Amino acid sequence: MATTTKIGLEIHCQLTGAKSKLFCRCSSDYRGKAPNANICPICAGLPGTLPLLNQKTVEFAAMITLALGCKFPDEIAFYRKNYFYPDLPKNFQLTQYNAYGITSIGVDGRLEYGNGKDARIRRVQLEEDPGRLVYASGSMDTSLYVLIDYNRAGVPLVEIVTEPDFADTKDVRMFLDKITSIIEHLGVCDTKLEGSVRCDANVSVDGGNKVEIKNISSFADVEKALRYEITRQRTMTSREIQVRSETRHWDDARKVTKESRTKEEEQDYRYFPEPDIPLVMLGSEFVSFIKQSMPELPDTRKERFMSKYGLSAHIAQVLIGNKELADFFESTLMIYLSPKEIANWIVTDLMSFIDERQKKEEEEEEHSLFAGLKVGPEHIADLARLVDQDMINRATAKQILGQIIRTGEMPSALAKRMHASRIDDVSVLAQTVQSVFQMEQAAVQDARRNANVANFLLGKVMKITKGKADPKVALEMIQKKLKED
Amino acid sequence: MPIYTLEAGQVVQGIKSKEFSAEEYISQLFERIEKVEPKVNAFVTLNKEEGLDRARRLDKKIRDGEQSGPLAGVALSIKDNICTKGMKTTCSSKMLESYIPAYDATVIKRLMAAGAIIIGKANLDEFAMGSTTEFSRHGPTRNPWDISRVSGGSSGGSAASVAALECAASLGSDTGGSVRCPASFCSVVGLKPTYGLVSRFGLVSYANSLEQIGPVGRTVSDVVSILNVIAGFDENDHTTTNSSKPTYSLQERKGLRVGLIKEFTEGADPGVSKMIYKAAETLEKQGCKCEEVSLPSVQYALASYYTIATAEASSNLARYDNIRYGFDMNPEGYEWNSYFARARSNFGDEAKRRIIVGSYVLSSGYYGKYYLKAHQVRSLLKREMETLFKKYDVLIGPTMPILPFKIGERIDDPLKMYLVDIDTVVANLTGMPAISVPAGFADGLPVGLQIMADQFAEQTMLDVAYLFEQAAKVQRSPEL
């Protein structure tokens, strides 16, 4: 049965690059601090305090707005979203709202992702993160009490809302990868920090009711949550049970979506403009300032990789798909300029080690690509140089990479130790060829008549040298010797 | 004459010239407070030990020939919704009955730096919501001129403490007339600055877009010297104007054009109107040119004011859920929603009323009908006022349309209570400055003359106030 699925996303990304909170001077880096140690009268919502807008966050949000092809309004405003929840120090959240005129930092964008697909961006907005509720037993259902940590309260967030333009979870994954690469390239968010990027999703199947899924704590879990929810909705539809319009929560432990206890759709947030923050005029000067100060975006970088370094579209795409990889590539080029060779080493060989390591990890934690691998740009540069200069063959180079990735030794040092370098081995190789000629005299005679038999002799040489000989050189040597004798 | 009767300017002079010490002055004031406070009930918290300690340190500074500041030794009461570090700030509410701020409001920092001495926190209507100071958890503040009557509000403690000679001057806050109303009822001077002239950082918010902190004193001169200390840009308040620090002075100016708002006098008690017309005559005699003018959209002002004020208040008061600070109430056995509800049932009736009205006008579907409309009225009113200020330097009228009434007289009729704010809310809605100066007495009760000016035209407004004060010579403090 053909089914159509519509998925929309609400992505929250913390502006960790902004250093301080959205409305006060507290650090935006709350991780690992003692509970309620990273607060001040403003972010704790003490009586009499007033919000002070962090200018840097407006600039960062504007960069995201531009990167997602959104339009700027002339001026932006902040609204109070009023609701009671213990993680909100003021019992309202300062956010942006477009129902009474467009005043969020960006609207009506479009982002290409994957191969020629695109998704519409409804809006980009700036808002404050609430505090964190810490359940005594780790779960809301079984805890007798909850502890509140306001260290996170007021951390700047950018919310990106898409139209329901995704048809399957693979599209979602590709889109999220692209978003990740963009915010990494802009330097606004360190996506590797736990909880720095979060995503809510909404799904409907076959034109049925829309279900919101909240509480998905990482991008990696979005696919899982969506797959579960799509299956749930399809199963219901096939049994002719109507899907209810509701908000469901992703249960991280059981990997299922479940009904929320509170009926959030019934809440009336009583939005109204925050009187303590005057309208912020953007203007053409601001926009051109942002354009000038924008770091290079992944798409531009890809084009540069293709035109400047002659990389294929595929290789360039893999590199820019992850800023760390693209940065690694360019750092390697700074040491040794051999773009195609280096790109190949990174995209095919290095990536296979990375993939292998990631598979071994139980949880897909979003930490550095190179975690646990003792390899830096200097290693890959060294390796590429050895190959380029015909010091070692490709097979040996792969072997070397496999080892140094665990030890951190420089490839040239290892090559030397392995005596795999051709210069050093010319005499050794000649000796080996000589001894093979002596052992295999019949074959030598055959080889003089039948050129194909030379390969048999080469095989023997390779066996004796345990594959360390350069087959090209060895074959040349054998052929030369056959003619000489 | 006892030194506690001195005006702020005289106190500074006396202390600096070592005519008397700050310690003598502050001790005398506390004796006075002890004597009259049982009748007036102007204070919520007294700051005796620290006040005396500060006085002694000031005296030493003066003996050592050090700089002592433009308000050296001046005893101030501070409305109890302005945060004072280490000193309770209760907003006369159960919700903050034991709340001690961790920081000083910007105005407090500036006053202390100028040498002022805070002798206590003044009574107010709960969270500044009221016009009589009857809605206080600490009981009503009584009018020093007749202790059976209300002091006005919500800065009733501020005005009463100044009139009763319990301090030289005070800070109040004015959201819809809360400084000017009690100043009028108690026959003292109360000023609401232009929105954005004085920092609100540390003022516990009632209605952010309307309110300003303002000084109360027995003379225009005292009010000016306090305003000069507290006014000016503050990096902690984005709504303060980023201009050079203004300095106001007392100057005699002649030939100013004065508009008398006829809607104000028409709606007032005959006794009050009579005093205001008499005040206009006084100004004419001083060389001003007075004319009656009309402000037609004033008929929508109260509706607009109560819509905006309650909307903002409903959100501002949401944070009082007793989780982070508040009063003693064991959370054990409650689900958080029911705990919030239970804790918040401790708001007083008037605060509850405004939270409910404010939540209603903001609820989905009603925003356009009420909140937006209220803002349209606000713009309309501002345009009308700006037009008038093209022709007139100041606009005058009564501060309050009625005389101080009996305690309890209007407490059960919220609408009747709200009506008394009709003449004061205009300045808050338009952001314009206004001052109440004593105009005289009707039936033995104080009447205040309100003078309004265009935005940031405080100096012109003060010129007229000073001119009137010098000519009218109205009594400031009663026998108690």
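Me: What makes strand β3 (residues 79-82) of chain A and β14(A) a pair?

Reply: Two bridges join β3(A) to β14(A), and the strands run antiparallel. Pairing takes at least two DSSP bridges between two strands, so β3(A) and β14(A) meet the rule. In β14(A), Phe272(A) is the bridge partner of Arg80(A). By the way, this is a predicted model, where local features need pLDDT of at least 70 and side-chain atom pairs count only at pLDDT 80 or more, while totals for chains, interfaces and linings use all residues. Residues are numbered from 1 along each chain as its sequence is written, with chains lettered from A and ligands numbered from 1 in the order in which they are written.

Me: Why do β4 and β14 of chain A count as edges?

Reply: The open sheet runs β4-β3-β14 in chain A, with antiparallel pairing. β4 (92-95) and β14 (272-273) each have a single partner strand, so one side of each lacks a neighbour in the sheet.

Me: Why is strand β6 of chain A called mostly covered?

Reply: Nine of its 12 residues, in the stretch 117-128, are buried. That label means 20 or more other C-beta atoms (placed from the backbone) within 10 Å of a residue's own; 12 or fewer is exposed, in between partly exposed.

Me: Why is α10(B) called oblique to α13(B)?

Reply: The axes of helix α10 (residues 301-316) and helix α13 (residues 367-391) of chain B come within 9 Å and cross at roughly 130°. Angles under 35 degrees are roughly parallel, over 145 roughly antiparallel, 65 to 115 roughly perpendicular and the rest oblique, so α10(B) is oblique to α13(B).

Me: Which residues of α10(B) meet α13(B)?

Reply: Among them are Ala301(B), Ser304(B) and Ile308(B), with Tyr370(B) and Leu381(B) among those on the α13(B) side. Contact means C-beta atoms, placed from the backbone, within 7 Å.

How values were computed. Helix = DSSP H or I, 4+ residues; strand = E, 2+ residues; numbered from the N terminus. Axes fitted to C-alpha atoms, helices over the stretch in contact; angles between N-to-C directions. Contact = placed C-beta atoms within 7 Å.
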